[in-house]
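Hi,

Here is the structure I promised to pass on. Have a look at it first, and then read my notes below.

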Amino acid sequence: MTPVELSRTVLWAVRRAVDEGELHVPVPERAVVTAPGPGGRGDYATNVALQLARPAGQPPRDIAEILQAHLRTADGVADVVVTGPGFLNISLRDAASTAVVEEILGRGRRYGHAVGLSGDVRQFQAAHEVRAVVLADALGRILRSQGASVRVGCETRPAPEWEAVLGVRLDTHSKLVFPAPLIIDVRPVPAASDPLRLGRDAARWALLHPAAHDRPRITDEHLVQRESNPLFRVRYAHARTRALSRNAADLGFDAEPGDVRHDVRPEVRHDVRHHLTVLLADHPRVLAQAAAHRAPDRLARHLVTVADAVLPLLPAVLPRGAEKPSAAHRARLALAEAAGTVLAGGLSLLGIDAPDHL
């Protein structure tokens, strides 16, 4: 069950409570589902009870307890606990985590792509500045992944090397074909120096990883291959997952999604597995938010978080010593491959290569 699906389940619980006369409120259009905060528990949490308290004229904790009873009967939900003033903390059944991995491996790099913006028309008009052009290009890629029709242009003819070196795709000199497109100016804080010397991947990361209102740092730190470089961590984590797939094939087994909740390996303890699975399930929401807020930096930061979450798992994927490949090894490999798929797909939307070897 993904966060989007769980959000629908929460709204279903609200409708049930309204239909049965337990609550007298308009059913909201959406329910925000996130990872539990400090003091929380389970897989996900929602503040929908606090959201409904004022229109219902009831304390949020009372509303949470009403919804708790309905949510406990929903498919895929193992338990629901109320914490704090009325937060609903939801634990999913084991199969729900397996379903996330299955969906990612089934959809590949298109996991998280949607049609939510289908019918939307956007034209991004970048200022004649290298960061603006790269940002507009990345926005075009991300919005297209969410179903929007997008054109990307520059207010004047861009420098040829911006396309040749940085891989931007512009529609600058084409006639507009959309009916009355919504033109959005793209004018981030410009780069203080020329990023071209960093090459395509490092330059794009340097320009896209900071928020648009922050000035990017164009330094050689984006080229170093060590943990202090976030881009290196993301690409290294992806390359490691691909190497594990090759090594597993050499050992005669492949990935098969399964439950690793009770895995005895310390590297695959519940908190490691749970944190990574939540991040992978959250990927579609991150893409939708990056599109809605026109913020590729949100996707870049998410990829760093996924990379940091998968790296502790990787040493436990392959059999050790005299071990023979088991269902647990296949499940660990599937989880690692799912993380690698999300990293590769996210990097491609930023216009950055995800090499299989580093």
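In the hairpin of β3 and β4, three residues sit between the strands, and Gly-84 takes a positive phi near 60° there. Strands here are DSSP runs of E with at least two residues, helices are runs of H or I with at least four, and both are numbered from the N terminus. This is a predicted model, so to speak of local features we need pLDDT of at least 70, side-chain atom pairs count only at pLDDT 80 or more, and totals for chains, interfaces and linings use all residues. Residues are numbered from 1 along each chain as its sequence is written, and side-chain values use heavy atoms, with hydrogens and water left out.

Back to the strands. β3 (residues 77-83) and β4 run antiparallel, joined by six bridges; two strands pair if DSSP finds at least two bridges between them. Val-77 stands opposite Leu-92 in β4. On β4 (residues 87-92) there are also three bridges to β2 (residues 44-46), again antiparallel, and Ala-45 has Asn-89 in β4 as its bridge partner.

Next, helix α2 (residues 48-56), where you'll find Ala-56. Ala-56 has a relative accessible area of 18%, so it is buried (buried is under 20%, exposed over 50%, partly exposed in between, with a 1.4 Å probe and protein chains only).

Which residues does Arg-204 touch, leaving aside its neighbours within four places in sequence? They are Val-134, Asp-137, Ala-138, Arg-141, Leu-166, Gly-167, Val-168, Leu-350, Gly-351 and Ile-352. Arg-204 belongs to helix α7 (residues 200-208) and counts as buried because its relative accessibility is 0%. A polar atom of the Arg-204 side chain lies 2.8 Å from the backbone oxygen of Leu-350.

Gly-351 turns up again after α12, with a positive phi near 80°. (The expected span is 1.5 Å times one less than the number of residues.) α12 is mostly covered, with 19 of its 23 residues buried.

One last thing to look at: Arg-294, in the loop between α10 (283-292) and α11 (296-310). Arg-294 has a positive phi of about 50° although it is not a glycine, and with a relative accessible area of 40% it is partly exposed.

Cheers

Methods
Polar contact = N/O pair within 3.5 Å; in protein donor to acceptor, adjacent residues only side chain to side chain. Contact = heavy atoms within 4.5 Å.
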